[in-house]
Amino acid sequence: GMNFYITVSASDIITLPFGGIGTLYVNWGDGSAKDTYSSGDSVTHTYSSGGNYRILAWGSATTFGNDTSTWASGADKLTRFEILGESMATWGITGLTSLAGAFYGCSSLETIGNITGTDSTKCEPIKLAPTITTIKNMFYGCTSLASSSEVEKANLSGWDVANVVNMEGVFYGATNINTAIGAWDVANVTTFENMFNGATTF
């Protein structure tokens with residue numbers, strides 16, 4: 001499934017921007033019972049205690065992201081996103097086609113990938129689910145996404161984007177990211193508008 005690592009204070013609210021939900025399951029990582037969501041539900045949770053938590057989401061939904069705006073709450077609390085094991089190909093979300101605005105405004109997001117073992121300098125890249133057709137504004141304002149000499153924390157070089165048609169604003173304002181995307185197959189993309197606007201490290 002989709003794994004979200006967050007750092008929150010007491011009473012902080014996290015709202016994951018899922019849409020087109022069939023049946024979605026979320027373990028919020030704080031010892032509370034697994035929640036089940038269906039069409040029209042707001043995927044929201046309030047943390048009673050501050051700390052670091054891992055949220056796991058799986059099930060069925062068509063979209064993740066609010067397209068042209070940030071999450072309703074908690075986007076700045078996300079520090080890492082990863083996909084584990086057998087979920088790699090589908091992200092654990094059946095029917096997912098849109099990641100428009102997925103991490104919009106996630107200004108504390110430092111890592112897109114799987115940290116292996118206890119060595120934080122080893123980061124295994126994740127793959128893009130082949131069902132995705134839009135990654136518009138996906139990393140809009142993700143100012144903490146950066147690579148260093150020790151580890152590539154946002155390695156998107158192996159993403160299969162052959163079915164993606166919209167790349168508008170993907171890295172808009174992501175001032176520190178610099179990942180090799182020269183191998184991306186963009187033959188089906190119809191708009192690249194503002195894709196690198198403000199992405200000054202590329």
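In which sense do strands E1 and E7 pair, and over how many bridges? I started my notebook with that one, keeping in mind that this is a predicted model.

**Entry 1, strand E1.** I found that E1 (residues 2-8) and E7 (residues 51-60) pair in the antiparallel sense, over seven bridges. I picked out Val-8 and saw that its bridge partner in E7 is Gly-51. Next I looked up E9 (residues 78-83), which runs antiparallel to E1 and is joined to it by five bridges. Here Asn-3 has Glu-82 as its bridge partner. I also checked how covered E1 is: six of its seven residues are buried.

I followed Glu-82 to its salt bridge with Arg-80, at 2.7 Å from N to O. Both Glu-82 and Arg-80 are buried. Arg-80 also lies over the face of Tyr-5, 3.8 Å from the ring centre.

**Entry 3, the other salt bridges.** I counted three salt bridges in the structure. One joins Lys-77 and Asp-12, with the closest N and O atoms 3.6 Å apart. The two sit 65 residues apart, Lys-77 in the loop between E8 and E9 and Asp-12 in the loop between E1 and E2. Lys-77 counts as partly exposed because its relative accessibility is 22%, while Asp-12, at 17%, counts as buried.

Asp-67 and Lys-136 meet in a salt bridge too, at 3.4 Å from N to O. Asp-67 is in the loop between E8 and E9 and Lys-136 in the segment after E13, so this pair ties together parts 69 residues apart in sequence.

My search of the whole structure gave 18 aromatic pairs. Ring pairs link a cluster whose members include Phe-4, Trp-71 and Phe-81.

Technical notes:
Residues numbered from 1 in each chain as written. Predicted model: local features only at pLDDT ≥ 70, side-chain atom pairs only at ≥ 80, totals over all residues. Heavy atoms only, no water. Buried < 20%, exposed > 50% of the residue type's maximum accessible area, 1.4 Å probe, protein only. Helix = DSSP H or I, 4+ residues; strand = E, 2+ residues; numbered from the N terminus. Pairing = 2+ DSSP bridges. Phe/Tyr/Trp six-rings, centres within 6.5 Å; stacked < 30°, edge-to-face > 60°. Lys NZ or Arg CZ within 6 Å of the ring centre and 35° of its normal. Salt bridge = Lys/Arg side-chain N within 4 Å of Asp/Glu carboxyl O.
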